[in-house]
Amino acid sequence: MRRTLAAALLALAAILLVTPAAFAAEGEAMAGTVRGPDRKPVADVVIMVKQGEKEVGEATTGADGKWRVGVPGPGRYDVSLDVESLPQGVVMRRQGGQTLTGISVTEGQERSVLFPLAAEGQAGGGADGGPDAQPADTGPGTGERFLQLLLEGLRFGAIIAITSVGLSLIFGTTRLVNFAHGELVTLGAVIAWFVNVRGPSWQLVPATLVAVLAGVGIGGAVERGIWRPLRRRGVALIQMFIVSIGLALLIRHGIQVWFGATAQPYTDYQIQERLTWGPLSITPRDLTIIGISFGVLFLVGLGLQRTRIGKAMRAVSDNRDLAESSGIDVSRVILYVWMLAGGLAALGGVFYGVSENVSFNMGFRLLLLMFAAVILGGLGTAYGAIAGSLVVGIVAQVSTLWLPVELQNAWALVVLILVLMFRPQGILGRAERVG
């Protein structure tokens, strides 16, 4: 039963995710904001984008320092800043930093690229121009690039894990395949963006707390307002699955109308000095994302093992009828699961927005990888979702060392297929008798 469900779920998700009409955004692009040493925007700076020897496009920064160049599709691109267009007395902070090579752009992404500047005579040191960016005059070896991509995969896997744990818990307690879970991720990112950029302009940390609380409330409201009434009326799971698809479409396009189709960055943590340890380098924001993600996942695991509500969640997931006959309030447990799932999805959305910028369909783009992680780890188990997410994130990033970046998610799904061939129940799933 679970094998059939996993195969059908993955097939339907893949069909919906590759439908061209699903992506109504403005397409892939490179973009950024050029700021001077005083942090003020710099106008009339020329930016050029190439793919190999082919020139893709050129842009000039406006009065707000912003620029944007559309690219023909996913892939790796080289971005250069014309130093002759810089104002007098302003130079690149790092020698050779005017050219960034091998910057990857994934499907539907508007990739943020930064060029740190310094006053003349104060240049030196490295800064972040993007996770995959390398100065033109450097040439890291394959081993160094492998370790760097492994670190990037750990960060990406941690984000997938934060978002997919709730998806796994919802399936475990209700057997509902929630196709709208990606929209909870987007809502968290967009709410934090509004608080940080458009609304009260709070710093990103309190804005994230607001987004997480909002995610908890939205998760609880969706359960009380939609799913509980449907369950009480005896609606079949397949019908509820179709309802979740409709809910996802409604929320996603509602966000698009309100937020817009163009990806937007947060105000904070855009330009940071990279921390370097031998062949590895990472920005403080990405290191913080990894640390907080694993800290939260540890607390979730501890809560599932040690707290009464955590034990009740596991009991309902193992055998709902037996849990109910033992005196557990199943409806209350499911409500807490939805609230936890909403909060975790919102937190993961903020982390994903910090890494990739905020867009109306960011959660939808992440959804297939969340499903892959949950199925790979074992349907209905939170620990399996964590393990599956790390595998998916690392494989997706490390595969770009040898293969085109356009196929990075495909190779993660190939690993899913290979694992399920030898262990159909997933990494941490339990084998069940069929028939």
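Trainee: At roughly what angle do helix α7 and helix α9 cross?
Mentor: In this predicted model, helix α7 covers residues 308-318 and helix α9 covers residues 330-356. Their axes come within 10 Å. The crossing is at roughly 105 degrees.

Trainee: Are α7 and α9 roughly perpendicular or oblique to each other?
Mentor: Angles of 65 to 115 degrees count as roughly perpendicular. The axes of α7 and α9 cross at roughly 105 degrees. The two helices are therefore roughly perpendicular.

Trainee: How many nonpolar residues are in the contact of α7 with α9?
Mentor: Helix α7 brings Ile309, Ala312, Met313 and Val316, while α9 brings Val330, Val333, Tyr336 and Val337. No polar and no charged residues take part. The nonpolar residues number 8.

Trainee: Are α3 and α10 oblique or perpendicular to each other?
Mentor: Helix α3 (residues 181-198) and helix α10 (residues 362-377) have axes 8 Å apart and pack at an angle of about 135 degrees. Angles of 65 to 115 degrees would count as roughly perpendicular, and those over 145 as roughly antiparallel. The pair is therefore oblique.

Trainee: Is the crossing of α3 and α10 left-handed or right-handed?
Mentor: In α3 the contact residues are His181, Gly182, Glu183, Val185, Thr186 and Ala189, and in α10 they are Met362, Gly363, Phe364, Leu367 and Met370. By class, that contact has 6 nonpolar, 4 polar and 1 charged residues. The crossing in which α3 passes α10 is right-handed.

Trainee: Which residue forms a salt bridge with Glu183?
Mentor: Side chains of opposite charge can pair when their charged atoms come close. Glu183 lies in helix α3 and its partner in helix α5 (residues 237-259), so the pair ties together parts that are 69 residues apart in sequence. Both residues of the pair are buried. With 3.1 Å from N to O, the partner is Arg252.

Trainee: In which helix do Arg155 and Glu152 both lie?
Mentor: The side chains of Arg155 and Glu152 meet in a salt bridge, 3.1 Å from N to O. Both residues are buried. They are 3 residues apart, about one turn of the helix, and that helix, residues 142-174, is α2.

Trainee: Is Gln397 buried or exposed?
Mentor: Gln397 lies in helix α11, residues 382-398. Leaving out residues up to four places away in sequence, Gln397 touches Leu149, Glu152, Gly153, Phe156 and Gln408. Its relative accessible area is 11%, and under 20% counts as buried. Gln397 is therefore buried.

Trainee: What is the relative accessible area of Asp286?
Mentor: The side chain of Asp286 meets that of Arg285 in a salt bridge, 3.8 Å from N to O. Arg285 counts as buried, at 11% relative accessibility. Asp286 is buried too, and its relative accessible area is 3%.

Trainee: How many salt bridges does the count come to?
Mentor: A salt bridge needs a side-chain nitrogen of Lys or Arg within 4 Å of a carboxyl oxygen of Asp or Glu. Salt bridges that share partners join Glu223, Arg228 and Arg231 into one network. By this rule the count of salt bridges is 5.

Trainee: What percentage of the residues of the protein count as buried?
Mentor: The secondary structure comes to 12 helices and 12 strands. Among contacts between residues at least 6 apart in sequence, 73% join residues at least 24 apart. Of the 435 residues, the part that counts as buried is 51%.

Note on methods: Residues numbered from 1 in each chain as written. Predicted model: local features only at pLDDT ≥ 70, side-chain atom pairs only at ≥ 80, totals over all residues. Heavy atoms only, no water. Axes fitted to C-alpha atoms, helices over the stretch in contact; angles between N-to-C directions. Helix = DSSP H or I, 4+ residues; strand = E, 2+ residues; numbered from the N terminus. Parallel < 35°, antiparallel > 145°, perpendicular 65-115°, else oblique. Left-handed = near helix turned anticlockwise from the far one by under 90°. Contact = heavy atoms within 4.5 Å. Nonpolar A, V, L, I, M, F, W, Y, C, P; charged D, E, K, R; others polar. Buried < 20%, exposed > 50% of the residue type's maximum accessible area, 1.4 Å probe, protein only.
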